[in-house]
Amino acid sequence: MKRVLVVEDNENNMKLICLVLKKHGYEPIQAFTGREGVDKAIEERPDIILMDIQLPDISGLEAVEQIRMVDDTQEILIIAITSYAMSGDREKMLDVGFEGYFEKPIDPLTIVEDIEKIVKQRNNDNTGS
Ligand code: MN
């Protein structure tokens, strides 16, 4: 079963995302702040991380930078959840190690499908090179 670390400070969003993930057979792990997200990413080594950008302590960008500095986290697929995706943001997100981003509001009907698309894309990229 795939384990998904959800880093999100909004409780309603957290509940919604975790509910949908469970319904599709994923095991969610919750973190409500950036630092908690970094700690759980390193301790739990999830398969996937959904990372909110606006968090109460450090930003999602900083959190991912810290996660990617640790050895053996490169395999974790990290997707941003953002309410603002301006032109420069996408580049910045890719630079620090995100592999995709979803814009808020999250659509519970398509989020799992969207995650699986990014997983498939990564697998194709790996076999192609
Ligand atoms: Mn937030």
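Which spacing do the donors of the manganese ion follow along the chain?

1. The metal site. The donors follow the spacing D-x42-D-x1-Q, where a donor is an N, O or S atom within 2.8 Å of the metal (3.2 Å for Na, K and Ca), and sites may look incomplete since water is not among the atoms. The protein donors are Asp-9 (OD), Asp-52 (OD) and Gln-54 (O), which lie 2.0 to 2.2 Å from the manganese ion. Asp-9 sits in the loop between strand E1 (3–7) and H1, while Gln-54 sits in the loop between strand E3 (48–52) and helix H3 (60–69), so the pair ties together parts that are 45 residues apart in sequence. Asp-9 is partly exposed, at 34% relative accessible area, and Gln-54 is likewise partly exposed, at 47%; here buried means under 20% relative accessible area, exposed over 50% and partly exposed in between, with a 1.4 Å probe and protein chains only.

2. Basis of the model. This is a predicted model, in which local features need pLDDT of at least 70 and side-chain atom pairs count only at pLDDT 80 or more, whereas totals for chains, interfaces and linings use all residues. Residues are numbered from 1 along each chain as its sequence is written, and side-chain values use heavy atoms, with hydrogens and water left out. Helices (H or I, at least four residues) and strands (E, at least two) are DSSP runs numbered from the N terminus.

3. The sheet. The 5 strands form an open sheet in the order E2-E1-E3-E4-E5, with parallel pairing, where two strands pair if DSSP finds at least two bridges between them. E2 and E5 are the edge strands, each pairing on one side only, and the twist from one strand to the next averages 20 degrees. E3 and E4 pair in the parallel sense over 5 bridges, and Met-51 has Ala-80 of E4 as its bridge partner. E4 and E5 are also paired in the parallel sense, over 4 bridges, with Ala-80 standing opposite Tyr-101 in E5.

4. In strand E5 (residues 100–103), Gly-100 and Phe-102 make up the covered face, and Tyr-101 and Glu-103 the uncovered one.

5. The nonpolar cores. A nonpolar core is a set of buried Ala, Val, Leu, Ile, Met, Phe, Trp, Tyr and Cys residues joined through side-chain atoms within 4.5 Å. The largest one has 21 residues, of which Leu-5, Val-7, Ile-49, Met-51, Ile-67, Ile-78 and Phe-98 touch the most other members. H3 gives the most to this core, with 4 residues. A second, separate core of 20 residues includes Val-20, Leu-77, Ile-79 and Ile-111.

6. Arg-3 and Arg-45. Arg-3, in strand E1, has a side chain that reaches the backbone oxygen of Glu-44 at 2.8 Å and that of Arg-45 at 3.4 Å. Arg-45 lies in the loop between H2 and E3 and is partly exposed, with a relative accessible area of 33%.

7. Backbone geometry to check. Most residues other than glycine have a negative phi, and most peptide bonds are trans. Arg-45 has a positive phi, near 45 degrees, and Asp-72, in the loop between H3 and E4, has one of about 70 degrees although it is not a glycine. Asp-72 is exposed, at 62% relative accessible area. The peptide bond from Lys-104 to Pro-105 is cis, with omega near 0 degrees, and Pro-105 is found in the loop between E5 and helix H5 (111–128).

Key:
Axes fitted to C-alpha atoms, helices over the stretch in contact; angles between N-to-C directions. Polar contact = N/O pair within 3.5 Å; in protein donor to acceptor, adjacent residues only side chain to side chain.
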